[in-house]
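Please look over the sequence and the model shown here, then read on.

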Amino acid sequence: MRRKRTWFSLLSFCVLTTLGAALAFALIIAGGSVALASHQGAAAVQSQDLPHETAPHHGTSFTGLITDSHCGARHMRKSNMTSTECARACYRKGASYVLIDGNRRYTLIGGENAISKLVGERVRVTGNLQDDAILVDSAAPIL
């Protein structure tokens with residue numbers, strides 16, 4: 001009789017310990033999920049409170065490097081062309097001119113005659129911003 005009681009006690013202890021550990025683990029995971037969801041929800045609310053950049057900005061100046069949309073700031077190194085020549089070649093093949101300012105990249109629309117003379121240089125572009133594009137009014141090199 002005593003021997004059956006010992007096995008039963010040991011088996012009961014193991015089952016209850018396993019169930020308790022599983023319950024504790026489930027509570028930890030659920031708590032982490034709730035904390036993560038509330039953090040993401042707060043970030044979403046903050047981003048909704050910020051003004052959106054959908055309205056055009058008139059006559060704004062932008063500075064950066066004029067290049068092409070295909071190669072960006074890194075041109076093919078083994079092409080035996082300068083970055084200016086590479087950007088012009090990519091433009092002739094259908095790429096568009098872009099202005100790169102740090103991590104920002106703006107597609108340049110209009111003013112191709114002025115822009116094509118300044119490819120590969122740091123410039124100041126004046127124009128209207130619409131989404132990720134600048135409607136170019138003027139472009140001049142930065143001296």
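## Asp-131 and its loop

Asp-131 is exposed, because its relative accessible area is 53% and the cut-off for exposed is over 50%. The residue lies in the loop between β4 (122-130) and β5 (133-141). The model described here is a predicted one.

## Overall layout

The protein chain has 3 helices and 5 strands. Along the sequence they follow the pattern α-β-α-β-β-α-β-β. Of the 143 residues in the protein chain, 22% are buried.

Leu-16 counts as exposed, since its relative accessibility is 59%. Leu-16 also belongs to a nonpolar surface patch, which Leu-16 makes together with Leu-11, Val-15 and Leu-19. The area of this patch is about 410 Å².

## Helix α2 and its buried side

Helix α2 covers residues 83-92, and its buried residues are Cys-86, Ala-87, Ala-89 and Cys-90. They sit on the same side of α2, because the arc they cover around the axis is only 160 degrees. For Cys-90, the relative accessible area is 7%, and the cut-off for buried is under 20%.

After α2 comes Gly-94, which has a positive phi near 115 degrees.

Cys-86 can also be placed relative to a residue of strand β1. Asp-68 lies in that strand, and the C-alpha atoms of Asp-68 and Cys-86 are separated by 8.4 Å. Along the chain these two residues are 18 residues apart. Is Asp-68 buried or exposed? Asp-68 is buried, as its relative accessible area is 0%.

## Cysteines and disulfides

A disulfide is a covalent bond between the sulfur atoms of two cysteines. How many disulfides does a search of the whole structure find? The search finds 0.

## Aromatic pairs

The count of aromatic pairs comes to 2. One of them is formed by Phe-62 and Tyr-106, with 5.3 Å from centre to centre and 50 degrees between the planes, and this pair is tilted. The pair links distant parts of the chain, as Phe-62 is in strand β1 (residues 57-68), Tyr-106 is in strand β3 (residues 104-109), and 44 residues separate them. Phe-62 and Tyr-106 are both buried.

Tyr-91 and Tyr-97 form an aromatic pair that is stacked. Their ring centres are 4.0 Å apart, and there are 5 degrees between the planes. The pair counts as stacked because the cut-off for the planes is under 30 degrees. Tyr-91 is partly exposed, given its relative accessibility of 29%, whereas Tyr-97 is buried, with a relative accessible area of 4%.

How values were computed:
Residues are numbered from 1 along each chain as its sequence is written. This is a predicted model: local features need pLDDT of at least 70, side-chain atom pairs count only at pLDDT 80 or more; totals for chains, interfaces and linings use all residues. Side-chain values use heavy atoms; hydrogens and water are left out. Buried means under 20% relative accessible area, exposed over 50%, partly exposed in between (1.4 Å probe, protein chains only). Helices (H or I, at least four residues) and strands (E, at least two) are DSSP runs, numbered from the N terminus. The arc is that of the directions from the helix axis to the C-beta atoms. Patches are made of residues with over 30% relative accessible area and no salt bridge: like charges are joined within 9 Å, nonpolar side chains (Val, Leu, Ile, Met, Phe, Trp, Tyr) within 5 Å. Accessible areas come from the Shrake-Rupley method with a 1.4 Å probe; for residues, only the protein chains shown count as cover. A salt bridge is a side-chain nitrogen of Lys or Arg within 4 Å of a carboxyl oxygen of Asp or Glu. A disulfide is a pair of cysteine sulfur atoms within 2.5 Å. Rings of Phe, Tyr and Trp (its six-membered ring) pair if their centres lie within 6.5 Å; planes under 30 degrees apart count as stacked, over 60 as edge-to-face and the rest as tilted.
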